[in-house]
Amino acid sequence: MTAEKETAAHVPVVIVGAGPVGVTAALLLARRGVRTVVLERHHDVYPLPRAVAADDEVRRILQAAGVGEEFAAIARPARGLRLLDARHRVMAEFPRAGQGAHGFPQTSMFDQPELERLLRDALARRPECDLRTGVEVVGMGVGPGVGVGVGVGVGQDSNGPVRVTFRRDGVEEHLWADAVLGCDGAGSLTRDAVGAGWQDLRFEERWTVVDVRTSVPVRCWEGVDQVCDPDRPATFMRIGEDRYRWEFRLRDEPEPEPDHERLDERRHERLRELIAPWVDLPYGADFEVVRQAQYTFRARIADRWRRGRIFLLGDAAHLTPPFIGQGLGAGMRDAHNLTWKLARVLQQGAEERLLETYESERAPHARHAIRLAVAMGWAMTGGQDGAAALRRGVLSAAFRIPGLPAAAARDLSPALAAGPLVRRRALRRARWGGRGLVGGICPQPWVTVDGRRVRLDELLGGSFAVLTAAPPSPSLRAVADGLGARTVQVTGLGDDGRLSAWLRAGRADAVLLRPDRVVLDEVPSGAHDFTDTAGWASLLHSTRKPRPSGQLAIDTGLLRSATR
């Protein structure tokens, strides 16, 4: 070990980027007792709005991070999404319920700076978290010595510590970390360190985004409007009590700029024309443009998300057009998927192979969401060729099929594909039909505990859990004990029978839930054991002594054999 490594501080996890994804990852790790240092180049929260929509799964993740109630205070439920034609006639509607399967409104509107402030306030209350602002990360590398991975390159795949180099007040410093999470956006330095490139999913358009605050009456339906007009596609939504957002695609040809003296006047007049379908804006009206900016919407995904103990999350790993509101959501799902696995490896010595499931689970999921967003983008723009009108006509007719819009909305977050932590077996499908519950996320109803009404996750805690419709067998108890999981019988919970009905619909007598509430395995109806304990047990079993970090593990039991 070199002198530099001996003197540089060592922390379990360094997170590069203090946006919503990075801070949420830090909070999720903190709730598992894992210390983090978060490095952020800006001194304060970026003050202008960007992300504005969150689905009910994202709200459940914020609940897991400990900020669910705070977010509820700044969020505004939305009714869903409408597709309008060029004359603003409704072609299709995707309704979103006031309470979804995760226990929250299926769509909530919010102001990103407000979200970031409440996340940072929560971070400041956690002794496990150290936020350092005004810091520029300039390099990282992995390997047994400081000569490996100097600069932004990574010398080799390694599970050893990662050296992060950063500048603060002109002084270069180093940290050694057991893992690094790159939450540093589309221009990610971490992505360069991982050696990842972009896979282009073939969508690129220039749009202008206008955020407005006004007391003038605005015609809206309390949801999101997507105008499917090839000449001028647009998006409109209400964000808050007096906050609205419009997005308009820019034409390919350059729009002539007026002379400098008339610039503001012409921009104001052009904006008045664009928003006329929604608001009558008299001269001198209360109408504040909070932000007007041009963006290039792209569809891309990184060709690798990890090298050694360096991981990519959020926009560092994937870029999506905003048309289905899943940009922030995808990054939040990344954090929820990775953090419990990383904590188990760092604190309990679980198999390193556990971390390989992060990319194999999240990349297909993110790709699916991006493709849906691209499809929605093409539905909006339709192209300018001769088939555009035909495509719009087919789209309009298709979404008049009963149940199709609701089904399309549910497809925003499909079940994970089969894998090491999703034990979906061909034998089970052949015997029972369908895919069962494995790979999907358990619903979260309100339940009654000791006379109190709480959400299900508050009862289950932050670790594994077993939900069963009958008294658990010795085999199920052995699994639960080995994982440090809570076992809950779903009868008598005061949830109006929702969990019992969910198990019956999935033809299961019991399920094993991962910490991110994905169903890992199930006991089919009439059976006695989980379908494939041997398939996942070794992945979670502590096979080595974890690196000392002064932390207490939440799940203290080692996974024992649960076979009968």
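Strand β22 (residues 465–468) pairs with β23 in the parallel sense, over four bridges. The model is predicted.

**Sheet β23-β22-β24-β25**

- Four strands make up an open sheet, in the order β23-β22-β24-β25.
- The pairing within this sheet is mixed, although β22 and β23 run parallel.
- The edge strands are β23 (486–489) and β25 (519–524), each of which pairs on one side only.
- On average, neighbouring strands of the sheet are turned by 15° against each other, with direction ignored.
- Strands of a sheet pair through backbone hydrogen bonds, in either a parallel or an antiparallel sense.

**Helices α2 and α8**

- Two packed helices are described by the angle between their axes and the distance between the axes.
- For helix α2 (residues 20–30) and α8, the packing angle is about 30° and the axes are 9 Å apart.
- Angles under 35 degrees count as roughly parallel, and α2 and α8 are therefore roughly parallel to each other.
- The crossing of these two helices, α2 and α8, is right-handed.
- On the α2 side, the contact residues are P20, V21, T24, A25, L28 and L29.
- On the α8 side, they are L328, G331, M332, A335, H336, T339 and A343.

**Aromatic pairs**

- The count of aromatic pairs comes to 15.
- One of them is the tilted pair of W207 and F323, with ring centres 5.3 Å apart and 55° between the planes.
- W207 and F323 are both buried.
- F248 and W278 form an edge-to-face pair, at 6.4 Å centre to centre and 65° between the planes.
- This pair also joins distant parts of the chain, F248 and W278 being 30 residues apart.
- F248 belongs to strand β15 (residues 243–249), and W278 to the loop between α7 (263–275) and β16 (287–302).
- Both F248 and W278 are buried.
- Ring pairs also link F203, W207, F297, F323 and W378 into a cluster.

- E222 is a residue other than glycine with a positive phi, near 65°.
- E222 sits in the loop between β12 and β13 (224–227).
- The relative accessibility of E222 is 26%, so this residue counts as partly exposed.
- D450 is not a glycine either, and its phi is positive at about 50°.
- D450 sits in the loop between β20 (446–449) and β21 (452–455).
- D450 counts as exposed because its relative accessibility is 79%.

- M140 is part of strand β9 (residues 135–142).
- M140 has 1% relative accessibility and therefore counts as buried.
- M140 and R163 lie 23 residues apart in sequence, and their C-alpha atoms are 5.3 Å apart in space.

Terms used
Residues numbered from 1 in each chain as written. Predicted model: local features only at pLDDT ≥ 70, side-chain atom pairs only at ≥ 80, totals over all residues. Heavy atoms only, no water. Phe/Tyr/Trp six-rings, centres within 6.5 Å; stacked < 30°, edge-to-face > 60°. Buried < 20%, exposed > 50% of the residue type's maximum accessible area, 1.4 Å probe, protein only. Pairing = 2+ DSSP bridges. Axes fitted to C-alpha atoms, helices over the stretch in contact; angles between N-to-C directions. Parallel < 35°, antiparallel > 145°, perpendicular 65-115°, else oblique. Left-handed = near helix turned anticlockwise from the far one by under 90°. Contact = heavy atoms within 4.5 Å.
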